There are 2 protein chains.
Amino acid sequence: MKKFINRIDDVLTESLTGFAAAHGDIVQLGAEHKFIRRRELKRGKVGLISGGGSGHEPLHGGFVGHGMLDAACPGQVFTSPTPDQMAAAAQAVDTGGGVLYIVKNYEGDVMNFEMAAELAEGKVARVLTDDDVAVEKSTWSIGRRGVAGTLVVEKIVGAAAEQGRALDACGALGERVNQATRSLGVALSSCTIPAAGKPTFQIGDAEMEFGVGIHGEPGRRRVPLASAREISLQMAEAIGTDFGAQRGACLLLVNGFGGTPAMELYLMYDSLRMQFEKQGFSIVRSLVGNYVTSLEMAGCSATVTRLDDELVRLWDAPVHTAALRWGV
Amino acid sequence: MKKFINRIDDVLTESLTGFAAAHGDIVQLGAEHKFIRRRELKRGKVGLISGGGSGHEPLHGGFVGHGMLDAACPGQVFTSPTPDQMAAAAQAVDTGGGVLYIVKNYEGDVMNFEMAAELAEGKVARVLTDDDVAVEKSTWSIGRRGVAGTLVVEKIVGAAAEQGRALDACGALGERVNQATRSLGVALSSCTIPAAGKPTFQIGDAEMEFGVGIHGEPGRRRVPLASAREISLQMAEAIGTDFGAQRGACLLLVNGFGGTPAMELYLMYDSLRMQFEKQGFSIVRSLVGNYVTSLEMAGCSATVTRLDDELVRLWDAPVHTAALRWGV
């Protein structure tokens with residue numbers, strides 16, 4: 001295993017300390033590294049909290065700040081945060097408007113967020129993201145997995161919360177965005193969890209995993225590596241089919257899993273864009289880069305969110321976080 | 001070679017087409033993909049142009065836009081752009097204020113930019129970046145190599161040009177920023193140029209290249225992989241020594257080469273920050289991420305730029321590009 005680390009047990013805390021130091025104008029760390037919170041809270045605003053296993057950076061800590069999350073709870077690599085972390089985050093950022101948890105649909109995350117909700121004193125609601133069309137149930141989840149579309153939910157609900165929308169309305173909006181969102185990922189390589197010390201899975205020199213999860217979980221099938229054009233076609237077909245007859249204006253997010261160069265991501269964007277437009281989608285907003293990663297895995301995912309005028313306005317609203325920033 | 005590509009010959013143009021489509025609000029492509037230019041030019045402003053081999057994205061195309069570059073000329077992967085490209089870019093963005101080329105110090109780039117300058121009709125000046133302290137001359141350069149510090153030169157001179165500073169003054173500022181900047185990189189893995197189809201160099205499972213260049217060129221020494229703390233110490237020593245007695249306020253850029261996860265970059269930032277502060281630097285600005293990459297190479301570099309109040313103001317000035325954005 002070749003990584004920039006010291007002791008395995010210190011990887012997460014040292015990384016979080018560095019993150020908080022580099023972005024001290026935006027965030028601060030909770031006690032015992034339980035959460036990353038927004039430095040300046042807004043009184044009465046709905047507190048937006050997400051979290052999950054680490055190793056997907058910038059998700060979620062990189063999305064804490066004005067117009068997006070109020071706190072993020074980082075578990076160990078690919079391991080759910082504890083109920084204790086989530087409850088502490090809620091206590092820190094609930095300024096009277098209640099707390100909305102945005103939870104990716106994995107068994108551990110769902111269970112721990114439920115326990116945290118029981119511990120909470122104020123009003124608590126939850127949005128579950130399950131945008132991955134690859135598999136209907138997986139080794140990690142009952143039902144579909146929450147993947148890169150979670151970013152879109154966090155951005156749009158974050159804008160609404162910033163504008164003063166109430167807890168129930170933020171929850172309903174989050175459900176609506178999740179339902180308007182579909183993703184599919186492809187992996188060319190595995191990744192190595194520091195504590196494991198060896199790759200999560202084996203993959204041949206001429207193979208790819210179609211429909212991979214963001215922890216390297218198996219997808220739909222192990223297939224021979226194809227051209228970018230052929231891969232894009234299959235990704236777009238999987239997503240388009242899942243949308244049924246729904247088409248129209250959309251956001252296209254081409255997300256890198258960590259080990260794929262920007263050149264290839266933009267090449268894939270070019271190809272995916274054409275495929276989705278051929279299907280009848282009109283791409284009105286785009287995002288390309290490493291946003292929901294799997295450590296150093298080579299691969300990428302496509303996410304489409306169908307947008308109406310309200311969702312476009314909320315997507316465009318100012319955001320000031322470590323990883324997404326515009327309008328401020 | 002596992003990459004998201006179609007024909008090798010089309011990698012660059014397809015990637016550029018995707019980039020221009022994803023960021024159509026900021027940039028547009030020149031004819032025959034010769035350059036990426038800023039969509040809105042400012043009459044009479046000094047035109048800032050950079051370029052170099054592709055494979056370092058987001059450098060340089062990701063830095064085209066308000067407050068930074070007016071154009072970027074992408075060569076093939078790790079190959080200098082042609083004089084023809086640079087001359088075409090100058091013609092496109094010179095609105096009367098003359099053109100300043102920011103050139104990384106590699107033989108091919110320097111020669112081709114000189115030929116482009118001869119072709120130019122308007123006033124032309126040049127800033128050469130050579131911030132890499134690793135080696136005094138390399139397989140690719142006479143004198144030190146230009147690496148991640150180039151980003152800092154582009155950002156600061158870009159802000160000055162945006163504020164109306166004249167050509168000579170922008171050139172002098174660029175020289176000053178370059179002289180205030182030092183970098184050093186470490187690689188844990190190689191990278192694969194699409195046209196080569198195999199890794200640029202071989203490296204053992206327990207080795208790292210200390211002082212590596214951004215094309216995978218050899219550095220100071222091939223050494224056993226050490227802890228993040230030990231690596232940071234050595235990187236900071238190399239940079240600090242090169243600064244002689246100069247200390248004070250600085251920017252610290254921890255740059256990923258493409259294949260290293262954000263978790264590790266922030267862990268390295270945490271460690272490097274402590275090392276530089278121990279040396280007497282005061283880190284007043286920070287940037288952490290994949291900005292000057294070497295395709296999918298695992299590794300990172302540290303860059304320190306000594307900042308006075310003027311440079312801090314110019315660093316903080318609004319920028320709106322694909323890869324750096326704040327204040328707008």
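How much area is buried between chain B and chain A, and what share do carbon and sulfur atoms give? The area buried between the two chains is about 4,500 Å², and carbon and sulfur atoms give 64% of it. Buried area is the accessible area (1.4 Å probe) that two parts lose on being put together, summed over both. Lys2(B), Phe4(B) and Met263(B) supply 23% of the area that chain B buries against chain A, more than any other three residues.

This is a predicted model, in which local features need pLDDT of at least 70, side-chain atom pairs count only at pLDDT 80 or more, and totals for chains, interfaces and linings use all residues. Residues are numbered from 1 along each chain as its sequence is written, chains are lettered from A in the order in which they are written, and side-chain values use heavy atoms, without hydrogens and water.

The table lists the counts for the contact (heavy atoms within 4.5 Å) and for salt bridges (a side-chain nitrogen of Lys or Arg within 4 Å of a carboxyl oxygen of Asp or Glu).

| Item | Count |
|---|---|
| Contact residues from chain B | 55 residues |
| Contact residues from chain A | 55 residues |
| Salt bridges between chain B and chain A | 4 salt bridges |

One salt bridge joins the side chains of Glu14(B) and Arg229(A), at 3.3 Å from N to O.

Chain B can be laid on chain A with an RMSD of 0.0 Å by a turn of 180° and a shift of 0.0 Å along the axis, superposed by least squares on the C-alpha atoms of residues with pLDDT of at least 70 in both. That is the relation of a two-fold axis. In chain B, the C-alpha of Gly259(B) is nearest the axis, at 2.3 Å.
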